[in-house]
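User: I'd like to go through this chain and ask what stands behind each label. Can you take me through it?

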2 protein chains.
Amino acid sequence: MKLKVFVDFTLPRNVLELLQQGTVGHELIFPQKPMTSVLAKAEWDPQFKSVDIAFGQPDIESITRAENLRWIHVSSSSITRYDSAEFRALMKERNIVVSNSAAVYNEACADHALSFMLAQARQLPLGLKTRAASGTEAWNQLRDSSLPLRGQTVLIVGFGAIGKRLTELLQPFDMNVIAFRRRARGDEGIPVIPEAELPDAFEQADHVMNILPDSLETQKYFVAERFAAMKPGAVFYNIGRGATVDQDALLNALRSGHIKAAWLDVTDPEPLPDDHPLWIQPNCFITPHVAGGHFEESRTLAQHFLKNFRRFVGGEPIFDRVM
Amino acid sequence: MKLKVFVDFTLPRNVLELLQQGTVGHELIFPQKPMTSVLAKAEWDPQFKSVDIAFGQPDIESITRAENLRWIHVSSSSITRYDSAEFRALMKERNIVVSNSAAVYNEACADHALSFMLAQARQLPLGLKTRAASGTEAWNQLRDSSLPLRGQTVLIVGFGAIGKRLTELLQPFDMNVIAFRRRARGDEGIPVIPEAELPDAFEQADHVMNILPDSLETQKYFVAERFAAMKPGAVFYNIGRGATVDQDALLNALRSGHIKAAWLDVTDPEPLPDDHPLWIQPNCFITPHVAGGHFEESRTLAQHFLKNFRRFVGGEPIFDRVM
């Protein structure tokens, strides 16, 4: 059976060829209006009506009107756009499988998270800026402010596949890793603490790693009270979504020094306005939502899709299913 | 028997107390002229003549004139000051044991090395500077220039205790780790390649980690030919000693782009003169000899010494013996 596959993001020629080779005998359909990024939302497209598979960020209206759709493979880690009870019900009713591309970004995201933790531990921003000579007060202070990760405690909030990979990377550091997610699945590899133990965990953690997705439940999860409940001198990281943090509260916690430093790959909005105080807060370090980025990521995206496509064609269960 | 222990570096009061408690019943002797850092060389001190143990960086003249000296515990990782055939012969003749403090700095040095590798992999210097918005050309380029460590090859030149610890930290990245040192001891934990295989190793390595100590054999080990023999786009790191690198050759390799980037914790001299071109070379990143630095390091130094002191008093063999 010839399947129609709708691909709604722009691919470099070599990756397009890879996708064509991997779907020989089937039909690739591209939107009339090309997309700018894997995160951009597609517009309604009349061709969508007859497709079997969608790979990208199809818009909900197109999905609703699609007559043959059986599988949506979202081209991002986050499924925020689709993450509602209504949409889940629609998928169930229509018998449409939804999978995501988290696996494509997990490795890079975990690397990015560890790069933040080590840059903080080794005081890289200051070290790379100073020209302090050995034995000077500034030099002694720099050395003395480097805190080994070994033996410290990290609390990972929103523990999923990225947290799992980060835990693997942290294994040689013998850290105390505390995992928290709302709905433990049992495949986390380490025990997930119940919500009742969170206050204790916040009190203990030297590092608070926020990997929460953006959902109604998680919006402004990190408010003033939560920062206040953290151990004095804790370091806060966000590689989840910017909307999960009350940025004014974070700014206050950084200004008071209660939070020693913040490392953010995501903010709200992105980028922050040019005059936003977090840009110039000396203990705040911001990268522009690149944690999942890696060399030729559209190739790994396409490879990941094709692995699942072969399973779909072979009648096997889809990997990384989220609905 | 009451031992006289000469301690020739300045200790904060709480660490001094720790040292006093750990040597109760023995005598601590401090130099008439206090030292500025653990790396500074002590001057000749008449008190030295009768000491049994020296902890610090005693000068060679003092050692030569000492009559009762049985053990020198060097307060640094490097023993460059003492690393000559003549000195080794003197120690042997006088039956003086020499140990070093490498164990105190290994963990921090390995952390620093990995922080460099991950900062490079995740392009932190650029990422922390840019305010690029999602979907822009600059943003796409930044994401695309992040190369995962996973599966890459690292060549560690001067593979000792730091290299061993770094190899442990790299284990979850499934990298191909190639170890080289002149005189393999068999306790490296991974195979050490013979010199004949070095050219191949330089051709393969995505990352060249220099951890060479400074000795007559290693001076300017990294010359133009060696940089030319590296894989195009390799990244060079130096957490060993600055004198092991021909800095003009490194600069040329960085300017041509043959070496994608250099991350240096050590230079020659330290710090580099203010007008040195490496300071402003965009793909060169320098920290000021802080790789081994960590919170309260004089405490870990003292603890490490005391562990050995107890062995010395108990007649057990000294840990971390180098002569």
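Analyst: In chain A, 64% of the contacts with a separation of 6 or more are between residues 24 or more positions apart, contact meaning heavy atoms within 4.5 Å. This is a predicted model, where local features need pLDDT of at least 70 and side-chain atom pairs count only at pLDDT 80 or more, while totals for chains, interfaces and linings use all residues. Residues are numbered from 1 along each chain as its sequence is written, chains are lettered from A and ligands numbered from 1 in the order written, and side-chain values use heavy atoms, leaving out hydrogens and water.

User: Which residues of helix H1 in chain A are buried?

Analyst: A:Val15, A:Leu18 and A:Leu19, within residues 13-22; buried means under 20% relative accessible area, exposed over 50%, partly exposed in between (1.4 Å probe, protein chains only).

User: How do you know that they line one face of the helix?

Analyst: Down the axis of H1(A), the buried residues fall within an arc of 95 degrees, so they share one face; the arc uses directions from the helix axis to the C-beta atoms. Exposed A:Arg13 and A:Gln21 sit on the face turned away from the buried side.

Terms used. Helices (H or I, at least four residues) and strands (E, at least two) are DSSP runs, numbered from the N terminus.
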